[in-house]
Amino acid sequence: MAASTSLLLSVFTLFSLLFWASFSEEIENSSLTITLPLTPKFASKPSTDPMVFLQELSSASKSRAHLLKYGKTSPLVKTPLYPIDYGGHTISLSFGNPPQKLSYLVDTGSDVVWAPCTTHYECINCSFSAKDVPIFKTQLSTSLKTLSCKNPLCTSDCPRCKGNSKNCSQVCPFSIQYGAGAEAGYYLLEDLHFPQKTFHNFLVGCATIAFREISTIAMGGFGQSMLSLPVQMKVKKFAYCLKSHYFDNTRNSSRLIFDYKDGDTKGLSYTPFLKNPPDTPVYYYLGVKTLMLGNKILPIPSKYLAPGSDGSGGLIIDSGFGYGYMASPVFKIVTNELKKQMSKYRRSREIEVETDFIPCYNFTGRKIDIPDLIYHFTGGPTMVVPGNMYFRFIPEIGFGCFPVTTDANKTLEFTPGPSIILGNYMQVNHYIEFDLKNNRLGFREQIC
């Protein structure tokens with residue numbers, strides 16, 4: 001594992017050696033709203049074998065959790081590479097002149113907008129062939145400009161430039177890590193087109209090489225950063241309503257809304273975003289007062305429910321993660337109570353061993369009754385997650401599992417990063433609004 005980690009770090013460093021933006025004009029006092037179809041998406045077709053599917057889901061979830069908890073500076077995790085992702089939702093964006101449309105994964109856990117951008121795109125140890133990757137064809141765009149290291153908008157490390165040398169001709173390098181994989185290339189300034197408006201000089205990453213990636217989909221970063229899609233668009237808020245997709249690549253889309261209006265949205269309850277720890281400035285942290293399972297208040301210590309000064313603890317909401325994550329102590333409290341309330345069902349130890357999901361149950365011939373998981377947030381709003389939204393059922397074999405992932409070392413009392421990650425599956429059938437202007441999250445139950 002040490003050799004593999006060393007190799008990956010070396011390759012990732014090489015990416016950085018190989019290779020923001022003037023914002024679009026300010027939209028003052030505007031009532032403009034941009035609405036896009038939001039499509040459930042799996043990176044590639046999941047296995048039709050139920051057990052293989054659960055194993056793949058478990059592996060991908062661990063990889064995503066590791067990235068969100070430990071970030072780019074962490075030791076890289078070694079996990080099996082499967083042709084599958086953790087489930088997500090995509091939008092179509094059109095960059096360049098003439099416009100080129102590609103699908104981008106909506107990811108509130110990252111900040112960079114990027115796409116593969118060369119016919120010579122190379123992917124090392126990836127789960128797909130590079131020739132199958134949809135690319136942004138830079139040679140066809142008349143509005144494209146590369147961003148140089150001497151441009152003050154470039155905040156990347158430029159190893160071939162000394163200080164602020166005005167003579168530096170190196171292009172501004174782009175590199176980002178996702179789980180056990182990485183993408184790299186350089187930054188471009190491009191036109192981003194919507195029917196209502198065109199944004200000029202939009203900063204977008206041009207990916208030319210990748211390592212151990214499991215997805216062919218371009219990335220739309222929605223995190224709290226000057227690089228992210230909504231911040232570059234200077235929207236006051238963005239919102240979505242997610243449909244259940246059960247990892248099936250259904251084409252039944254919902255909506256993603258970019259909103260330039262200020263103020264409350266009718267019917268929403270609001271909870272403030274918390275101040276981010278220094279090491280995780282991109283995430284959206286929420287304050288949790290209590291967590292309940294059914295009518296039982298769970299005895300979770302407060303240190304796990306809000307981020308500490310050391311960056312540990314707290315809850316983040318993430319659109320790019322399927323079911324989410326709980327730190328080991330939180331996971332134990334939740335699952336111990338879950339086992340008590342579901343004691344009438346027969347546990348399946350074999351499925352638990354094979355998938356690393358705990359607990360799993362045999363529901364064959366039984367009426368399924370799973371308690372709600374209820375989050376009480378700071379400020380008073382409550383989010384109720386029905387059992388069928390946080391439990392994974394495999395009807396083909398009559399089993400179901402609690403697919404929230406936890407730490408590989410389940411004996412750790414505390415680990416860096418958030419203690420709870422609220423994944424997109426727990427957000428299904430809720431209208432979720434990220435109010436960037438007022439630094440808060442709004443939501444309501446709604447059939448999407």
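Colleague: What should I know about the model before looking at rings?

Modeller: This is a predicted model, in which local features need pLDDT of at least 70, side-chain atom pairs count only at pLDDT 80 or more, and totals for chains, interfaces and linings use all residues. Residues are numbered from 1 along each chain as its sequence is written, and side-chain values use heavy atoms, with hydrogens and water left out.

Colleague: What is the mean pLDDT of the chain?

Modeller: pLDDT is the predictor's confidence in each residue, from 0 to 100. The chain has a mean of 80, and 77% of its residues reach 70 or more. Residues 1-29 stay under 50, with 66 contacts (heavy atoms within 4.5 Å) beyond four places in sequence. Residues 72-86 are also below 50, and that stretch has 55 contacts beyond near neighbours in sequence. Where pLDDT is low, the predicted coordinates should not be read in detail.

Colleague: How is a pair of aromatic rings described?

Modeller: By the distance of the centres and the angle of the planes. Rings of Phe, Tyr and Trp (its six-membered ring) pair if their centres lie within 6.5 Å; planes under 30 degrees apart are stacked, over 60 edge-to-face, and the rest tilted. This structure holds 26 such pairs. One of them is Phe331 with Phe402, tilted, at 5.9 Å centre to centre and 40 degrees between the planes.

Colleague: Where in the chain do Phe331 and Phe402 lie?

Modeller: Helices (H or I, at least four residues) and strands (E, at least two) are DSSP runs, numbered from the N terminus. Phe331 is in helix α4 (residues 328-341), and Phe402 is in the loop between β24 (399-401) and β25 (420-422), 71 residues apart. Both are buried, meaning under 20% relative accessible area, with exposed over 50% and partly exposed in between (1.4 Å probe, protein chains only).

Colleague: Why is the pair of Phe377 and Phe443 called edge-to-face?

Modeller: The centres of Phe377 and Phe443 are 5.8 Å apart and the planes are at 70 degrees, so the pair is edge-to-face. Phe377 belongs to strand β21 (residues 373-377) and Phe443 to strand β27 (residues 440-445), 66 residues apart. Phe377 counts as buried at 1% relative accessibility, and Phe443 does at 3%.

Colleague: Which charged residue lies over the face of Tyr270?

Modeller: A charge sits over a ring if NZ of Lys or CZ of Arg is within 6 Å of the ring centre and within 35 degrees of the ring normal. Arg440 lies over Tyr270, at 3.6 Å from the ring centre. Lys197 lies over Phe199, at 5.4 Å.
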